[in-house]
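Visitor: Could you walk me through this one? I'd like to begin with helix packing and then move on to salt bridges.

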Amino acid sequence: WSQVLENEVRRAVLENTSDVEPRKDSRQLIEKFFSDQQTVDIVYEKIIERVQTDRTRNPLILLRSLGVLKKYLVHFMPSPTVIETLDNFCCSVAATDPQTRKTLIYIRALLGRKRYHPSSDKTVNNSRQSQRRATLSSFNSTTPKRMMAASWNATGLREARAQLQEAILRSNWIISNMVVFRQRPNFDAMIGMRHVIRPLAMHPYFCPFSIATQHIDTSNERFVIEQHRIEERIKTVRAAKKAEENAASKTAGITNGRNSIKLFQFKYYSQQEPLQLTEQELDQVVSAVVGTQEGNYETRLIASKILIKVLVDRFINDAEDASKFFTNIVTEMLESEEEETQLHAFNLLFNISVHFNLWEDMTIIDFEGTQNHEVLEGMTKVMEVQRQLFEVLQEMLRILLQCEESSGSAQAHRVWNNALNCLLFWTTKDGKFQKDMLSKVEIVLLPAFLRHSNNIGDFTQRHLIRILTSILYEKNTLSTSHLKKIGGINWIIDQYVSVRSTEAQDNLFVIIYDHVVSNISSKKNIARGYVLNDMYLELLKRINAPQLFAKFFRFAPAKFVESLVHFICGEEDWNLSISMDGQSESMDKKTLRKLLKGFKLLAQKYLALPGEFAKLHQASVESGDVSALSSFLKSNRADNRKYAELWLFQLLSEHWLGVKNITPLGKEALALFVSLVHETREPLVHYSHEIYISIIERLMLYLSFQTSDEQRNVNLQTIVSLLNEFLLKILEQETLDEENTRRIFDVLWGFCYCANVHRPSTDPYSETSPNDCIYSLYVHGSAILPQQLKNEIDIRVFAFMFDNLVNKNYAEIRLAVLLVMIEKSMVPSNLEEIGGIPFFRKLLASRDPAIAYHASRFLIDQLEAEKPEEYKDIMSAFLNKAQQTKNETLVANSYLQIKALIRSSETGKI
């Protein structure tokens, strides 16, 4: 190399990685070196040299250097030798900062993809590089979220779609962390391993629609900035709506709060005199709290305040006696047939706990660092009473579970929700779980909490699965005795196929994996060379198996094992080993096949009809009679309905979809299937709809897994037509409830393709990221719904879902549905189908600021597309108004613009 050229490269690297912002000409110069195939290798080498020769060990220089690598590796590929050097460099960096570690992981992900990607060949011509870079630059200026919610004129929509399909920016896997206590193997150190790391969603079984080439860059700087802008605009809408509500309340003469009354007017309990009541007076107080209310709410409220004072006094004098007295009271309340009385039992417990914290004035400093004997004594007393109250809670939970089991009917969701709130109050501190408190929770309670968690929300369900996993792995290995207490592996699979949280899927998958491994790890198999270790678990996590294997427990295809082994390993045999902590760990194709067979056998066992039902199924095939099946579908027993659902699915798949011409038995089964929609008997409506939706999902998976290359288009059209026909049948029913509407949403969003899913922390007792469900990832641009599905599914399907999902826990689900409706409403006929522009104008009044914002964005874009001149004049007026008021939000926020337009139409002024 010319010494002059090398010095120029070194200078450009120094200026772009220094602790000051580089000049524009320096950025242009280094970009020129990156784009030149003759200098691209040397510029990467000089960046490595820059970090390694920095004697000051300035962290800012390291961050700037990694930033340059992160920026230019997307566009400019070095030779395989330099890729290896860069990879070794990333491994050698001792990073303690989380952001630095994240950047290193991301860079290594890019290197892994480019090493084995065909386009990483050094002979790629410059024109192709420039063309791809131009495409990426265009994509960066129009983020996926923006495409979904903003740029809706016909030309822009086509361009956005084309850009999205061409934007292959980076691999879609990120190291996944489990909330399970086991050492993570150094997977990346296995030479030659990267060629097997392909996302499982690219397998045709899991991705029947043509979406496998679509990737989303969620770490791109422009994308992050745009997401932040949208969030800031939604915050502005929230503030505007709050102001509107306050103004309306003021106009109506409604005042909030008690401004003249202090919230607390009391002496600390240590300064109060005990309340003196006779036995007769105490009985009257207890009877008022425990007895039937019959509308006498005020009496219970007053009596509860007196009882709290009595109980606090008793806990001070004799805590053990007070605990027994209180337990007797709440036991009677929980055994009551009144839901309000059961709820009040947990409210009473919570209030006593809060009140006893008011024993005396103890500041945070007192609790954490004081040596004052009196304060420490008071703190000890409070902690001791709180421990006894937790024991009361444990007894209450046992009673609640016994009442539900003895009655044979489920307790009200609200009662279990209150119980869960109390449990979380005692088992968490500063937003973190306390391991010593979790160890005291009886695992048999978890199934009951999860059974009632649909109305709580996915975030709480994720916490429950975390608690469950922590208890099952209390001693760092899967406890089979605990597993039996909650219903065995079948119950775990039931949860696995229904949860939506990424973290929850990860945790449950590890439990299933360990169960499969325990079945395989017999002495006979070990002697044959089948030795399983955590390398196999890491491999399955890397290909996103925890998120996708749930489908195999809904329908298990015949050729699952061989197809998946071929997808992961290819044609050649491989046997890889690594030395870790002085021990050798290895992987081979034969053992991987054995492991996947273990999953297949478990899925087949889970989906198999038991002996009695298998005989009835065979009898119905021979006779063509489905009357017995009809009676089981309407059974009051959950297990009868479960096996009847599998039975009906088998008939439909074998005698309707699986044959060229539907058989007479297939017609009978289809008629029975459709009749589930029209069930009118109140106890059976919910279960019939649930079975109907579940069978639709199984049929979709059956068609997806049966898809071969020549049948692909035929089967995809069948999927779309079935969804349009059979989903509309049930969505049009007024008896459809929110829970089943959500199941319909899950069927459609089950086709989503995820990229760059960032999983939560490995610490099971720490708080994690916000919602990590597929619908949340979709809303934030980290997941894609296949374009063919969005284009061809009737807009009424989404409109019915949007109208039915009004629960506050379903806010992001509703927003995900709205984003699809907005995209489909670019077609005038679709817009008219849901009521036209007035439909979106009504959404401006929604209390959900995100719904209101995106509706306003659609209205503004429609105005721009249909009346460009009028739009231009209006925006000029907004700009003038913003300059006068020095308020730029009027120009940037579509909601404020629409509200201003509505106001101007009424007053004549903006």
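Guide: A definition first: axes are lines fitted to C-alpha atoms, for helices over the stretch in contact, and angles run from 0 to 180 degrees between N-to-C directions. Helices (H or I, at least four residues) are DSSP runs numbered from the N terminus. This is a predicted model, in which local features need pLDDT of at least 70 and side-chain atom pairs count only at pLDDT 80 or more, while totals for chains, interfaces and linings use all residues. Residues are numbered from 1 along each chain as its sequence is written, and side-chain values use heavy atoms, with hydrogens and water left out.

Visitor: OK, at what angle do helix 35 and helix 38 pack?

Guide: Helix 35 (residues 738-749) packs against helix 38 (residues 795-804) at an angle of about 140°, and their axes are 10 Å apart. That makes helix 35 oblique to helix 38, a word used for whatever remains once angles under 35 degrees (roughly parallel), over 145 (roughly antiparallel) and 65 to 115 (roughly perpendicular) are set aside.

Visitor: And which residues make the contact?

Guide: With contact taken as heavy atoms within 4.5 Å, helix 35 contributes Glu738, Thr741, Ile744, Phe745, Leu748 and Trp749, and helix 38 contributes Val797, Phe798, Met801 and Asn804.

Visitor: Switching to salt bridges, how many are there?

Guide: The count comes to 33 salt bridges, each being a side-chain nitrogen of Lys or Arg within 4 Å of a carboxyl oxygen of Asp or Glu.

Visitor: Where do glutamate 503 and arginine 466 sit?

Guide: They form a salt bridge whose closest N and O atoms are 3.0 Å apart. The pair links distant parts of the chain, with glutamate 503 in helix 23 (residues 502-520) and arginine 466 in helix 20 (residues 458-472), 37 residues apart.

Visitor: Is glutamate 503 buried or exposed?

Guide: Glutamate 503 counts as buried at 1% relative accessibility, and arginine 466 is buried with a relative accessible area of 1%. Here buried means under 20% relative accessible area, exposed over 50%, and partly exposed in between (1.4 Å probe, protein chains only).

Visitor: What about glutamate 442 and arginine 398?

Guide: Their side chains meet in a salt bridge at 2.4 Å, N to O. Glutamate 442 lies in the loop between helix 18 (435-438) and helix 19 (445-451) and arginine 398 in helix 16 (residues 373-407), so the pair ties together parts that are 44 residues apart in sequence. Glutamate 442 counts as partly exposed at 28% relative accessibility.

Key. Helices (H or I, at least four residues) and strands (E, at least two) are DSSP runs, numbered from the N terminus.
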